[in-house]
Amino acid sequence: MDVSLLPLSKFNGNELESHLEYLRKTRNSSKQFMTRSQDNITPEMQKNWYKNLEDNFIPYVFIGSEHGVIFYPIGYGTILIENNSAFLTGVIDESVRGKGFGKKLFSSLIDESKKMCNSTLLEVLTTNQVAQSLYKSLGFAEVSKTDKVITMELS
Ligand SMILES: CC(C)(COP(=O)(O)OP(=O)(O)OC[C@H]1O[C@@H](n2cnc3c(N)ncnc32)[C@H](O)[C@@H]1OP(=O)(O)O)[C@@H](O)C(=O)NCCC(=O)NCCS
């Protein structure tokens, strides 16, 4: 399967609506891994969120293609820019985890973030061992830690 990271701003009409709904469902099904808010997102909240999106928050869909024809999302990622630093997050569909797509997703997010910012960071729950090993393997190292959340920076 080929994969590519595409900003939601590339889409409109029905395609945009379907990707927004994909993002909402995928994020809700992984809300227990989120560091900032674990609230459930309703379709209404999602619409308002996208309508009021600020320039410093960029959502992406991670699209898989097979035989060069069928395109469908297998994950999503976001970049939040604060004080010239990029904060990354991302989720891969549960059905295709452990096959190397997470590494590809975060490598693509890193490439994007480097075009926009001097430093690349992310937050991860202290309990999320899988994501921590992924981030370490990509070159992130811990810069601070609370009871629940580790902040890591790409060195
Ligand atoms: C974290 C996540 C994106 C990783 O995606 P993935 O496609 O499963 O990961 P990959 O197959 O690309 O594996 C990448 C690395 O993750 C780690 N990893 C993956 N599965 C693992 C497992 N079951 N146990 C331990 N480490 C694991 C390994 O370090 C692996 O590198 P390696 O194969 O070189 O050893 C995915 O599990 C996910 O979406 N989890 C839920 C949401 C989440 O936690 N997002 C991060 C929020 S901060």
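This is a predicted model: local features need pLDDT of at least 70, side-chain atom pairs count only at pLDDT 80 or more; totals for chains, interfaces and linings use all residues.
Local features require pLDDT of at least 70 and side-chain atom pairs count only at pLDDT 80 or more, whereas totals for chains, interfaces and linings use all residues. Residues are numbered from 1 along each chain as its sequence is written.

Helices (H or I, at least four residues) and strands (E, at least two) are DSSP runs, numbered from the N terminus.

Ala-86 lies in strand 4 (residues 85–92). Ala-86 is classed as buried because 24 C-beta neighbours fall inside 10 Å; the cut-off for buried is 20 or more other C-beta atoms within 10 Å, with C-beta atoms placed from the backbone. Beyond its neighbours within four places in sequence, Ala-86 is in contact (C-beta atoms, placed from the backbone, within 7 Å) with Ile-79, Ile-81, Ser-113, Met-116, Cys-117, Thr-120 and Leu-121. The C-alpha atoms of Ala-86 and Leu-121 are 5.9 Å apart, with a sequence separation of 35 residues.

The ligand is surrounded by 21 residues, each with its C-beta atom, placed from the backbone, within 6 Å of the molecule. Phe-33, Arg-97, Gly-102, Ser-133 and Leu-134 are the closest. Strand 4, helix 3 (101–116) and helix 4 (129–137) each give two or more residues to this shell, and helix 4 gives the most, with 6.

Key:
A residue is buried if 20 or more other C-beta atoms lie within 10 Å of its own, exposed if 12 or fewer, and partly exposed in between; C-beta atoms are placed from the backbone. Two residues are in contact if their C-beta atoms, placed from the backbone, lie within 7 Å.
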